[in-house]
Amino acid sequence: AKAKMIVDKDFEIARVDSRMYGSFIEHLGRAVYNGIYQPGHPAADEDGFRRDVLELVKELDVPIIRYPGGNFVSGFFWEDSVGPKEERKPRLDLAWRTLETNQFGLGEFAKWSKKAGSEIMMAINLGTRGVSDALNLLEYCNLDTNSYYSNLRKQHGAKEPYNVKTWCLGNEMDGPWQVGHKTAYEYGRLAAETAKAMKLMDDSIELVSCGSSNVDMPTFPEWEAVSLEETYDYVDYISLHNYYGNAENDTEDFFAKTQDLERFIHTVIATCDYIKAKKRSKKTLNLSFDEWNVWFHATEGDNEEMKNRPWQTAPHLLEDIYDFEDAILVGLILITFLKHADRLKMACLAQLVNVIAPIMTENDGGAWKQTIFYPFLHASKYGRGIALRSVVNSTMHDSKNHEDVTDVESVAVYNEEKEEVTIFAVNRNVKEDALFEADVRCFGGYRVLEYLALENDDMKVVNSIAGEKVSPYSKTEYKLEDGIFTANLSKCSWNVIRLG
Ligand code: AHR
């Protein structure tokens, strides 16, 4: 296998919106309770927030975190989660068949996200609720008026508004599993009226119209076309969600799944632009991929747990333990996102702690990094700046369900302030190393600052509290001569080449 890449700083895709490296905390399993919040734990701070978790979140440098769901939000009464803790009502959460104590709520999340250095992406309940509840919540969060909900927030101890800028109009409303699921038209009408009213209250906010739950939904892309017909004028983004799995244990085909992701992104862009044309609108809608990850390892056990042992608090749910090949797919997804940085502005790795997450905790012990922590960390750290439209010529192969799969996927991001350019590259060929050549002559005088790689012969190897079997190492075998970088990309590897 081999690939040639030409990187030139004059050929820009777009400036990468830092919100591309967002994540997600849902009231689900041990994400909140025994995840980010565990009063009494030796690592807990004065607010009950786990310091060890906060450190890892800060290391990932997550600029925005979606909250509080997910499917959870479609039955959420936000009012129950604020005010004096002893008066908060415990509630049943039908999405995950869990008992929500509400001991951690909006105010706590606002405080926690500030400590984490992240903004909030707030999702509202358009499953069991509607326009007026959304307005009350917006007033509570963002307004400094002498009115009921704004005053209530002050009474609850938050003098300054939370100033939440980004709001998701419901979650996966196309999914039959969603509490309060709607048809595209029903959703479109409700979301449009909610959006209109919310912008009347606070015109500084940005709104996300709810798109399809995954590319294989039978209603995709009709859902987008019908709902956007209603919401287009009032919203700024449309959401995409998708999770990937390798239940068939076919690594080669698993790595090819970013082809499906490309098709998903292209179709959503085409549908947005079709509505734009139909409406003679001047506005271009952007994409918020606000749920993505690998998710399949724990599904069977989770279904059994929810069915047979409902109404627990903080059960072990969606605790996928990620292996080496999952980290490679996460890297491939990040490369795909960067290649679409002109329209894909926000993305949330779902999720952040314990629930399909890069960060795990032990209830009676420390926190640790899953394999997928690393490609996300590298992209978040070095993938800020301008995504470059590079020419990449790679050899190809076919996999079980995909044709013409490139062996090497790569993208470059130029950070002008730091005068650095980073090439992210994955060799997804499962049999052969790839000879990789990058023409970086346009960056005269640059040297290789660092070459980090994730490599492993065992696709199924995992990390745990006991130690990290998957972590990056600094690669020293490469050449940079006359502006041509060459290296051997090991089969199934994630590569981060930093020049500056
Ligand atoms: O992230 C887990 C779940 O996946 C979310 O609650 C839901 O939106 C999606 O189906």
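This is a predicted model: local features need pLDDT of at least 70, side-chain atom pairs count only at pLDDT 80 or more; totals for chains, interfaces and linings use all residues.
**View 1. Phe264 and Phe289 form an edge-to-face aromatic pair.** The search of the whole structure finds 25 aromatic pairs. In the pair of Phe264 and Phe289, the ring centres lie 5.8 Å apart, with 85 degrees between the planes. Phe264 belongs to helix α8 (residues 258-278) and Phe289 to strand β11 (residues 286-294), so that the pair links distant parts of the chain, 25 residues apart.

**View 2. Tyr451 and Phe485 pair edge-to-face between two strands.** The ring centres of Tyr451 and Phe485 are 6.0 Å apart and the planes stand at 65 degrees, which makes the pair edge-to-face because planes over 60 degrees apart are counted in that class. Tyr451 lies in strand β22 (residues 448-454), whereas Phe485 lies in strand β25 (residues 484-489), and the pair therefore ties together parts that are 34 residues apart in sequence. Both Tyr451 and Phe485 are buried.

**View 3. Strand β26 is covered on both faces.** In β26 (residues 493-499), 7 of the 7 residues are buried. Ser493, Asn495, Ile497 and Leu499 are found on one side, while Trp494, Val496 and Arg498 are found on the other. In a regular strand, side chains alternate between the two faces of the sheet. Strand β20 (residues 420-427) runs antiparallel to β26 and is joined to it by 7 bridges, with Val421 having Leu499 as its bridge partner.

**View 4. Two arginines lie over the faces of phenylalanine rings.** Arg66 lies over the face of Phe24, at 4.9 Å from the ring centre, and Arg91 lies over the face of Phe77, at 4.5 Å from the ring centre.

**View 5. Leu92, Leu94 and Trp311 form a nonpolar patch on the surface.** Together, the three residues have about 300 Å² of accessible area. Leu94 is placed in the loop between β5 (91-93) and β6 (98-100), and Leu94 counts as exposed because its relative accessibility is 56%, where the cut-off is over 50%.

Terms used:
Residues are numbered from 1 along each chain as its sequence is written. Side-chain values use heavy atoms; hydrogens and water are left out. Patches are made of residues with over 30% relative accessible area and no salt bridge: like charges are joined within 9 Å, nonpolar side chains (Val, Leu, Ile, Met, Phe, Trp, Tyr) within 5 Å. Accessible areas come from the Shrake-Rupley method with a 1.4 Å probe; for residues, only the protein chains shown count as cover. A salt bridge is a side-chain nitrogen of Lys or Arg within 4 Å of a carboxyl oxygen of Asp or Glu. Helices (H or I, at least four residues) and strands (E, at least two) are DSSP runs, numbered from the N terminus. Buried means under 20% relative accessible area, exposed over 50%, partly exposed in between (1.4 Å probe, protein chains only). Rings of Phe, Tyr and Trp (its six-membered ring) pair if their centres lie within 6.5 Å; planes under 30 degrees apart count as stacked, over 60 as edge-to-face and the rest as tilted. A charge sits over a ring if NZ of Lys or CZ of Arg is within 6 Å of the ring centre and within 35 degrees of the ring normal. Two strands pair if DSSP finds at least two bridges between them.
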